Amino acid sequence: TNLDPKNSYRDTSTLRHRRTVPTSSETLQTLSEDRRSQTAELDDTQSSNGTSAHFSPGGHFSQDPQSSRVVLMLVAGLCFATRLYKITEPPHVCWDETHFGKMGSYYINRTFFFDVHPPLAKMLIGLAGYMTGYDGTFPFGKPGDKYEHHNYWGMRGLCAVLGSFLPIFAYVIVQDLSRSYTAALITATLLIFDTGCITISQYILLDPILLFFIMAAVLSMVKFNLQRFRPFTSYWWLWLVLTGVNLAGALGVKFVGLFVILLVGLNTVWDLWRILGDLSLSLVEISKHFLARVVGLILVPLFLYVTIFAVHFVVLNKSGPGDGFFSSAFQSRLIGNNLHNASMPEYLAYGSTITVKNLRIAGGYLHSHWHLYPEGVGARQQQVSDNFFSLPFASRTTRNLHGHLHEAPLTKKHFQVTGYGINGTGDTNDLWQVEVCGGQKGDVVKVLRSKIRFLHRATGCVLYSSGKTLPKWGWEQVEVTCSPYLKETPSSQWNIEDHINPKLPNISLSVLKPHFLEILLESHIVMIRGNSGLKPKDNEMNSKPWHWPINYQGLRFSGVNDTEYRVYLLGNPVVWWMNLASLGLYPIMVAVASITLQRGFSLEHSLVLMREGGLLLLGWLLHYAPFYTMGRVLYFHHYFPAMLFSSMLTGITFDVLLKSTDLLLRPPYSDWLQRLGQMVLLFSVLYSFYLFHPLSYGMTGPLAHEPGSAMAGQKWMDSWEF
């Protein structure tokens, strides 16, 4: 039926179509068939830019393509204006710029470094800096360091531009899911004027890059879902492959990209289940669907993810601060490292002088010095420790590596290890058995490659690096013990890094360099261990997951007093508390819609609320709930991926809520009430943004709790620290 566009607004807001049907199952079936036909019709009416042209959920015209483009351009303009405004302020290092700006410099200088996250974002930051004239010489020493003449704006600009796409992506996602421009505009408004989203987009950080790929993946997934009735067409393949590309991008920035991979995976499983139930499809066609998704959502992302690391290893080919986190074999491939192009005997023999390195992350070298353990710390014998100085053990002090049943200095359940004896004379506690991990008795020990452990013959314990730092008397080096727990761990495994034996022929270590898959695997093991090692320290300020949705506490990006330029990461309170309210409202509204469907009545937007809203709720849960299980240190910025899903859910929830006014009032009063609600919502967000925008764009002068402050009276919660 063709409807008059002039009356479309009134048509979409009239009293819901209440039709009594025999059973609720028939209601759902009818609605599903209606929805399918409408979706197919919507797919046929897509505009050239890929956005839906002018249909609402009821099949009515809601907005013409021209005005749709104008609105999208307005949204885009506001996004870029709010993110790029004062992008160079403050002109000094802020918060984690000290880490990620420095890592961008490492790429420009091709210097190897270690980080607990995959490399894509840092590579993009380095590329942006290089393309805008930054020479990689700024040290990024600590927050507050002045940038002076260095071109830092390009690196900040990249993050701001990518952060500007977040409200645009959210607008299109919600529009495609709900077929409501109002819901899309509510979502865009929440994100455009959120002070938290602005702040986190304006600095050299991983977060805006991660959020960009997460939202791009969700957008591609939604667009792909819209093509379900046009399988294997060019647009179908385009959105499928783009989904895979963006999944690789998200995971290539941070491992939390796994959460959006899980979301897309669950959506794909549901889609394949629907296809399996379509009796009009043959098994061959179903197999094609399955294989296409394997290619687009598994093989393509996997290839791109591996390619990211291949580029990473090729670019960072010079020795740098990250060497010590990796194995000796890994280090031998880095230009400038002691082991690069070095030569030494390949296999150990009796009489060899060696350097022994622990395989624990950032493990050091087995080391001894003349100082004795102090009184009260085991036997008063020569100290043995684990540090970063490569001194061939026992060649300097002539003592034997010695173990006995005295307590270790710090790890009380382990035994003490000392240097004992003179010129090779000692006792039976100096005897250690060398074992090749994963090998057999009689296996030879190869430099760089063999993982070995030292088993103490008298006590049965193994040589162990605890990772704990000794006090001043131990020169703050790492404690070495003998562990009675024989399970093989990196802390009890060692390798031979330097080897001198004039009786053996030398080989070039280049023949022992690991191949790509080995270094790829090792880098992931090191990153995972590094992530798990990020535990909260004593008295360290960190945030808890329950703090985040209520906007309980922010993060200080810059400045602590009235003379400094202060930036504080905190969400727009109205936006965040609306999101919190929608998380409470949503299950209530779904319950009401479910009851009405069960009773044989259909509310026009009930399926959108339950199905598309449910997808967004699932996205929020997947990006939020896992943090409750994590033992690592957590910060407020970890919530922002979940916040994006929460804002999109708010757009749909509040739109349905406002359109439900016609259940209470008749037109035109219901229309007036709906518009009033929209205006109150818009005004509240804008006014709150007006009050709190200095948090993002910088504050100077008295602090909020002091007289004369521009932020006086705006500490609505005592936990806010601006």
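Buried residues are those with under 20% relative accessible area. The legends below describe close-up views of a predicted model.

**Figure 1. Overview of the predicted chain.** The protein chain contains 18 helices and 14 strands. Of its 722 residues, 55% are buried. Among contacts between residues at least 6 apart in sequence, 73% join residues at least 24 apart.

**Figure 2. The aromatic pair of Trp576 and Tyr639.** The structure holds 52 aromatic pairs. In the one shown here, Trp576 and Tyr639 lie 5.5 Å centre to centre, with 45° between the planes, and the pair is tilted. Trp576 belongs to helix 15 (residues 573–598), whereas Tyr639 lies in the loop between helix 16 (606–624) and helix 17; the pair thus links distant parts of the chain, 63 residues apart. Both Trp576 and Tyr639 are buried. The two residues also belong to a cluster linked by ring pairs, in which Phe259, Trp548, Trp576, Trp620, Tyr624, Phe627, Tyr628, Phe636, Tyr639 and Phe640 take part.

**Figure 3. The aromatic pair of Tyr669 and Trp672.** A pair of aromatic rings is described by the distance of the centres and the angle of the planes. For Tyr669 and Trp672 these values are 5.3 Å centre to centre and 85° between the planes, and the pair is edge-to-face. Tyr669 and Trp672 are separated by about one helical turn because they are three residues apart in helix 18 (residues 669–697). Trp672 has 52% relative accessibility and therefore counts as exposed.

**Figure 4. Packing of helix 7 against helix 17.** Helix 7 (residues 181–192) and helix 17 (residues 640–659) pack with their axes 8 Å apart, at an angle of about 140°. Helix 7 is therefore oblique to helix 17. Their crossing is right-handed. On the side of helix 7, the contact involves Thr182, Ala183, Ile186, Thr187, Leu190 and Leu191. These meet Met643, Leu644, Ser647, Met648, Thr650, Gly651, Ile652, Phe654 and Asp655 in helix 17. Classified by residue type, the contact of helix 7 with helix 17 has nine nonpolar residues, five polar residues and one charged residue.

**Figure 5. Packing of helix 15 against helix 18.** The axes of helix 15 and helix 18 are 8 Å apart, and the two helices pack at an angle of about 135°. This angle makes helix 15 oblique to helix 18. Helix 15 contributes Pro573, Val574, Val575 and Met578 to the contact, and helix 18 contributes Leu681, Ser684, Val685, Ser688 and Phe692. By class, seven residues in the contact of helix 15 with helix 18 are nonpolar, two are polar and none is charged.

Figure 6. Most residues other than glycine have a negative phi, and most peptide bonds are trans. Glu89 and Pro90 are joined by a cis peptide bond, with omega of about -10°. Pro90 lies in the loop between helix 3 (65–84) and helix 4 (97–109). A cis peptide bond also joins Pro667 and Pro668, where omega is about 5°. Pro668 is located in the loop between helix 17 and helix 18.

Figure 7. Arg179 is not a glycine, yet it has a positive phi of about 55°. Arg179 is placed in the loop between helix 6 (153–178) and helix 7. With 3% relative accessibility, Arg179 counts as buried. Phe232, likewise not a glycine, has a positive phi of about 65°. The loop between helix 9 (207–226) and helix 10 (234–253) holds Phe232. Phe232 has a relative accessible area of 33% and is therefore partly exposed.

**Figure 8. Surroundings of Ile204.** Ile204 occupies the loop between helix 8 (195–201) and helix 9. Its relative accessible area is 0%, so Ile204 is buried. Leaving aside residues up to four places away in sequence, Ile204 touches Asp96, Glu97, Phe100, Gly101, Ile125, Phe140, Tyr147, Tyr152, Met155, Arg156 and Cys159. One of these contacts, Met155, is 49 residues from Ile204 in sequence and 6.1 Å from it in space, C-alpha to C-alpha.

Methods:
Residues are numbered from 1 along each chain as its sequence is written. This is a predicted model: local features need pLDDT of at least 70, side-chain atom pairs count only at pLDDT 80 or more; totals for chains, interfaces and linings use all residues. Side-chain values use heavy atoms; hydrogens and water are left out. Axes are lines fitted to C-alpha atoms, for helices over the stretch in contact, and angles run from 0 to 180 degrees between N-to-C directions. Helices (H or I, at least four residues) and strands (E, at least two) are DSSP runs, numbered from the N terminus. Angles under 35 degrees count as roughly parallel, over 145 as roughly antiparallel, 65 to 115 as roughly perpendicular and the rest as oblique. A crossing is left-handed if the near helix is turned anticlockwise from the far one by less than a right angle, and right-handed if clockwise. Contact means heavy atoms within 4.5 Å. Ala, Val, Leu, Ile, Met, Phe, Trp, Tyr, Cys and Pro count as nonpolar, Asp, Glu, Lys and Arg as charged, and the others, Gly among them, as polar. Rings of Phe, Tyr and Trp (its six-membered ring) pair if their centres lie within 6.5 Å; planes under 30 degrees apart count as stacked, over 60 as edge-to-face and the rest as tilted. Buried means under 20% relative accessible area, exposed over 50%, partly exposed in between (1.4 Å probe, protein chains only).
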